[in-house]
Amino acid sequence: MASFDLQQSYQAPTLPPNFSSQQSPVPATASLKPDQTCAKSMAAEIVSLTSTTVVRSRYSLSKAAVPFGALVTPLPIIHSPGPPPLLQRSPTVCDACGAYLNAYCKVQANNVTWQCCFCHTSNNPVEVTNLRSCAELRCEAVDYFQQDMTGQAVSQAAETLALVVDTTAGAQDLQAAKPILIEVLRQLPRSWRLMLLTFSSAVSVYQLANRGLVTADVVSGEWQGFSSRQKPSQFHFGSPEPLHVAALQSCQDAAEQVVSSWRATSTTGPSREQPRCLGAALAVALHLLAMSTQPASAPEPFGSDALPVPQACRPSRVLLVTTGPATKGPGWVPLSNLDSRQGPEDPQASKGAAQFFQGLAQQAAEAGVAVDVVAVGQAAVNVPLLGALTQQTGGTIFTHQRFEEVSGAGLASALQRRQGVEGFMDVHTSTGLGVTHVTGPITPLHRANLGSNSMQRHTKPTMNACELVSVETGQGVAVGLDIVRDLQVEYVYMQVILGWRSLEGGWLQRVVTQRLSTTGSLQKVLSGTDWDLAAVVAGKRWVKQAQVKGAAQDRRTAQGLRKQIGQHVSQVVSQAAGGPSAWGALTWLAPPPPAILPPFLQNFVQVMYQLQRGPMLGDVAGHADERAILHTSFLAASTPVALLMMAPALYVYSTPTAAFQQVPALDLAIQKDEAIVLDCGCQIFMRLGLQTGDDPAHSAHPNMQALVQQLVQNRIPAPGLLRIDQASPDMRYMAARLMPTWGDRLEEQQQQYPALLSLTAGQVVTVQQQRMPTDEPSFNQWARSLCVNPTGAVDNLVAAMQKVSVTKLVAKHETPDIAARGDADQLMEV
C-alpha cells in the first residue's frame, strides 16, 4: 500500500465519481446528507473523534472525567478509499464566523443562499452559482487547491540536504556508520542537492561541486557567524552556484568517496569528553543552506551574524549525526551540568548555550530549514538543547545505542517525509462546544504572521488557530474538547481547517466537518466512546504536562503526574460503574468498595497503567535524554504509533502454526525457548529463543523478518530495530516494558494469559520462575490501590466489608455497646 502522494492528486483534480449536478432536488431549508461512501471514511482518517455522541450537561461530562477530543492527522499514511475530492477554486466561507461551507449547512429554496451550521447566518456565495453542485455539500472532507500567484513551485529548486557528521566517534563506530550514510545517499532522489560537513575540534566543509579532486575548507570550532573581516571568497559565494553544494546526480560518486575516506579524530580519553564543536558545525551548515537558496543576483549579507533568509522558499534539511554533546565552541555545556540531578552546577553556561541554540532554531525556522538529529552511543547529547532546535524546525531526534541499529533506508524515508511548508490549523466549534488544548507539533499563531501567504487564504482565524511546525505524512495533533455550557440542541458541529503550501506548487486547504449528536445519558456516551482514541488524547495531554514541567529531569514531578493519572482512572471507572453511592453513610467507617472495571474500559485502564509506569513517566528509561526524546516523539506521533509507545504489542512465535501470534504484553509470555517481537512504536525488539537462535534454518528466522517488514512498512519515521539475546543488557529493558504479574494469584494470571490453562502444574511453575523479579506492582495491584476491581470478581476484602455493612444495619436495634463490639470483631476478621 502506497502512501498518499500530493503530486498524483494534483495531476487529476476531479470531483467524486458519484457527484453530479443532475441529482434530485432537496426540500427547501434542508441540509444535504453527505454521501456515506466518500464522506465518513475519509473524514474519520483525518479527524478521528473519541465519541460522536456528547452529553448535554456540562456538569456530567466534567464529573465523569472522560477524555473528550479528536486526533487530527493532516496527511494520513493510507487513504481508503482515497483522498478527499479536490476542488480547484477558493472555498466558500461564512461572512460572520469564517466557517467553511460543508455538508451540514442548509441550502435555501432559491438555491443561492446557504445557512451556516455554526452561527446560523445566511450567506450568498461569490464564486458558486449553483450551490447544489458543490462537492462540499456531499462530503465531510474536501480539498481546495489554488495555484500560487507567482506560478512557481516551492521545489522549483530541489531540496537541499546538509549532512553533518561527528568524527570524534571511535574508529569502529565510524566504520559502522559509513555504509549506513552511503545507503542514505543512494536512497535519496537524484534531484536533491547535497552538502557534506564533518566536525571535531574544527568544522570541515567539502567542495562537492569541484571538477576533479574534492577539497575541504576548514572553519574554526569557535565560529558563530560571518564577520565583515572574512572574505567572501573563502566560501566561494562569488560564483553563480556555491562550490559546497551539488546535485546528487552529479556528485554521487564523489560524495561516497568522501564518506568512505573519513577517519576518526578521537584522542585519548572517554568519547564524551572529546572536543566536539557541534554548535559551530550547525551554524556553518545553516548559513551555507541559507546562502545556497538565495538567488544568484541577491546581495550576500556579509558583515552580519544573522542568518540570511532566502527570498524563495526552497525546502532544506540538516541531518546531524553525533555521538556526544557539544564540548567546545558556541553552545557547549560542562559535562557536570549534564550529570547533575540537582540542577546545573554552572547555570550561566547552560543559559548561554540555551540562548545560542534558541537563536539557531529561530533562524532555521525563518529560513525553512528542518533539523534532524541522530544520536548514537551511551553518552548524553543534551536533548533539551537539541530538542528545542528540532521541535521549532519540524525535525526529529533519533537515538540508538549502536550504529548497527540504524536503518539507512528508514533514515532516507524519514528525510523525505515533509509534504509542505507554512502550514496552519484552525478549529471551528458550535456554541457550547469549546477547545481546551491543542497538543502536537504546533506553535501558537503569531499575529505578525496573519499577513503571510498561507494565512491570506484563511481570512478569519479563530482563537484556536495555530501554526504547524511541519507538514509531514503520518503526523498527529490532539485536540481536547469540552462542554463550556449546557447544550440545548440535537446536534453540534466541529470543523477542522488545515492549510499548507505544497512542495509541488500551489496552496492546499483541507477542510473536515463532523457532526456530534447530543444525549442526556452519560452511560450512552461512555459505551459509545472509542477508548483507544481517548487513551491517546489523554496520554498526549499528560506527556505535554510532563514536558512543560521538566519531568524528564525532575523525577518528583513525574511521580506527581503518575499519581494524578491514577486519580483520573479511578474517577472514570467509578462513574462508569455507577459510583460508590450504594455504600452511603458507611463511607465514614471504611473506604468505598472497589468499583468493578467494565469490559469496555479494560484496554483504556491498561494503557494508562502502561503510560504511568513506562519510559516516558516511569523509571524504565534510565537517562533524562531518553525520556525527553520520547516526549517529543510521542507528541508528534500518529494514533497507532502513540498507542504502541504507551502499550507495546507482543508477538510470540508458535511452533504448531509456524507463525507469530500476538499475545498479551505480559512477562509470563516471555520464555527462553521462544522467539518474540516487541513493538514499542519507536523501537522494535527482536529476540530469537535459545533453540531457534542456534538453528539458522529454523522457520522463525524468515517469519520474524517478514513480520518486522510488515510492522515498519507504512511507519514514518521508521522505528529502530534492536536484535537482542537472553544475556543482552537490552533484555532487561525489554522485559521492563511488559506488564509484571508478580503478586497476582494463579487464577488472575490465567485470566490475563489464558495459555496457562493448557499447561500442567509443573509447567506453570516453570513459566512463573522465568519471570524477572520486580518490586513494581502488577496491573491488578495498581488497580486495587485506586479502589478499582479489575477482575470483576468479589474480592475477600469486599465480602468482608459487605458483612460489616450488614452488622451495622442490624446494630441499629441493639445497644450501642453490642453494636460497637460486633463491628470491632468484624474489622478484626478483615
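This is a predicted model: local features need pLDDT of at least 70, side-chain atom pairs count only at pLDDT 80 or more; totals for chains, interfaces and linings use all residues.
**Rings, cavities and cysteines**

At 1% relative accessibility, Phe604 counts as buried. Trp531 is Phe604's partner in an aromatic pair, with 5.1 Å from centre to centre and 55° between the planes, which makes the pair tilted. Trp531 sits in helix α13 (residues 531–549) while Phe604 sits in helix α15 (residues 602–613), so this pair ties together parts that are 73 residues apart in sequence. Trp531 is buried too, because its relative accessibility is 5% and the cut-off for buried is under 20%.

Helix α15 turns up again in another pair. The ring centres of Tyr609 and Phe779 are 5.6 Å apart and their planes meet at 70°, so this pair counts as edge-to-face. Here Tyr609 comes from helix α15 and Phe779 from helix α22 (residues 779–785), so the parts being tied together are 170 residues apart in sequence. Both Tyr609 and Phe779 are buried.

Across the whole structure, the search turns up 11 aromatic pairs. Elsewhere, ring pairs join Tyr104, Phe118 and Tyr493 into a cluster. A charge gets involved with a ring as well: Arg515 lies over the face of Tyr491, 4.2 Å from the ring centre.

Sorted by type, the lining of the largest cavity has eight nonpolar residues, two polar ones and no charged ones.

Finally, the cysteines. The count of disulfides comes to zero. Take Cys97: the nearest cysteine sulfur belongs to Cys119 and is 3.6 Å away, and Cys97 is in no disulfide. Cys97 has a relative accessibility of 22%, so it counts as partly exposed. Cys116 is likewise in no disulfide, and the nearest cysteine sulfur to it, that of Cys97, is 3.7 Å away. With a relative accessibility of 2%, Cys116 counts as buried.

Technical notes:
Residues are numbered from 1 along each chain as its sequence is written. Side-chain values use heavy atoms; hydrogens and water are left out. Ala, Val, Leu, Ile, Met, Phe, Trp, Tyr, Cys and Pro count as nonpolar, Asp, Glu, Lys and Arg as charged, and the others, Gly among them, as polar. Rings of Phe, Tyr and Trp (its six-membered ring) pair if their centres lie within 6.5 Å; planes under 30 degrees apart count as stacked, over 60 as edge-to-face and the rest as tilted. Helices (H or I, at least four residues) and strands (E, at least two) are DSSP runs, numbered from the N terminus. Buried means under 20% relative accessible area, exposed over 50%, partly exposed in between (1.4 Å probe, protein chains only). A charge sits over a ring if NZ of Lys or CZ of Arg is within 6 Å of the ring centre and within 35 degrees of the ring normal. A disulfide is a pair of cysteine sulfur atoms within 2.5 Å.
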